[in-house]
Amino acid sequence: MNIAIVGGSGFIGRHTARELIEHGHTVSIFDLKENKDFFKSSELKNITFKKVNALKLEKLYSVFRQQKSFDAVYMFAAISDSKENHTCIQHAVQTNIMTLTNTLKVCEDLKIPRIIFSSTVWVYSVTEGREYVSENEDLPINNSDHIYTTCKLACESIVKNYCTVRDIDYTILRYGIAYGPDCHPDTVLSKFITNAIENKPLVITGSGETYRNFLYVTDHARGNRLALSEKAKNETINLEGPEKITLLEVANRVKELHSSSVEIKRTHERHGDYRGKHVSNQKSKSLLKWEPLIDFKTGSKLLYEYKK
């Protein structure tokens, strides 16, 4: 297949590009940055890079038209860091929503038959009284107390509505928290490792019982590739990590990897922070034959060895 990736130079995007290339697809990356250094010379033969701001519809349309027709588009462009979403809310909302609607318009006009949209398990934070959740949950947007969550819930509805009206097939993937070499430096595990290396304390927000089901980036990439399956058309599918890891357990794991002398401090809980849910992977296992392969103990060591 010939695949376009909007936001393909980001952490998950470039790993997905590599996964697609390794399985015989050709890839075009549309992004503000190229990040060519990530790829091997053999991989670069199968990648085209186009520098473009997806907020600029005419420019996005123009660079898409320069390429041959695409079989599918992955939509990764977004402000994914939770703190950054609250730093400049106007920019976050514009980026998270308008880059999506622009990409959908390009799909419509250029007759691209498929879009795969990256959402998040953070959307389950709006469920009340439910610890165990699946894709079948009602997700009332009025319960959202974080800009990132609100944007992703709105985007999911936009994808479904737009694609239904314009006859485009879609897949919505709700991701677990991504980590791995070169992940966002403010991801909690990455931040803790950096602090430990720099002899700074590991700062836990709240009680430390807030948890994540971390998903190693190669598991993300494999799930993204498998989502090209016909069975995933017009479906919403979870790609969640394999195990519940509290913030306190993250800190203790970093101490185990680096030094028992690393100091742990506590601070107040951040507004709207995702507290964690048990998110079912049954649908991804059934439809895509996908399960996470990298457990947290293995993945955290890989990230530590990369950063130290």
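In which strand does Asp 169 lie, and which residues does that strand span?

Tutor: Asp 169 lies in strand β7, which covers residues 169–175. Strands here are DSSP runs of E with at least two residues, helices are runs of H or I with at least four, and both are numbered from the N terminus. The model is predicted, so local features need pLDDT of at least 70 and side-chain atom pairs count only at pLDDT 80 or more, while totals for chains, interfaces and linings use all residues. Residues are numbered from 1 along each chain as its sequence is written, and side-chain values use heavy atoms, with hydrogens and water left out.

Take Asp 169 itself. Its relative accessible area is 22%, so the residue counts as partly exposed. Buried means under 20%, exposed means over 50%, and partly exposed is in between, using a 1.4 Å probe and protein chains only. Leaving aside residues up to four places away in sequence, Asp 169 touches Pro 113, Arg 114, Ile 115, Lys 233 and Asn 234. A contact requires heavy atoms within 4.5 Å. Arg 114 is 55 residues away along the chain, yet its C-alpha atom is 4.7 Å from that of Asp 169. Across the protein, 78% of the contacts with a separation of 6 or more are between residues 24 or more positions apart.

Next, the partner of the strand. β7 runs parallel to β12, and five bridges join the two. Two strands count as paired if DSSP finds at least two bridges between them. Within this pair, Leu 173 stands opposite Ile 237 of β12. Strand β12 spans residues 235–239; four of its five residues are buried, so the rest of the structure largely encloses it.

β1 and β2 are joined by five bridges in the parallel sense, and Ala 4 has Ser 28 in β2 as its bridge partner. In β1, residues 2–6, five of the five residues are buried. In a regular strand the side chains alternate between the two faces of the sheet. In β1, Asn 2, Ala 4 and Val 6 point one way, Ile 3 and Ile 5 point the other way, and all are buried.

Thr 16 is found in helix α1, residues 11–22, and is buried because its relative accessible area is 0%. Apart from residues up to four places away in sequence, Thr 16 touches Tyr 74, Phe 76, Ala 221 and Asn 224. Asp 182 is placed in the loop between β8 (178–179) and α7 (188–197). Its phi is near 75°, a positive value in a residue other than glycine, and Asp 182 is partly exposed at 40% relative accessible area. Asn 35, in the loop between β2 (26–31) and α2 (41–44), also has a positive phi, near 50°.

Finally, the whole chain. The protein has 11 helices and 15 strands, and 54% of its 308 residues count as buried. The C-alpha atoms fill a box of roughly 55 × 45 × 40 Å along the principal axes.
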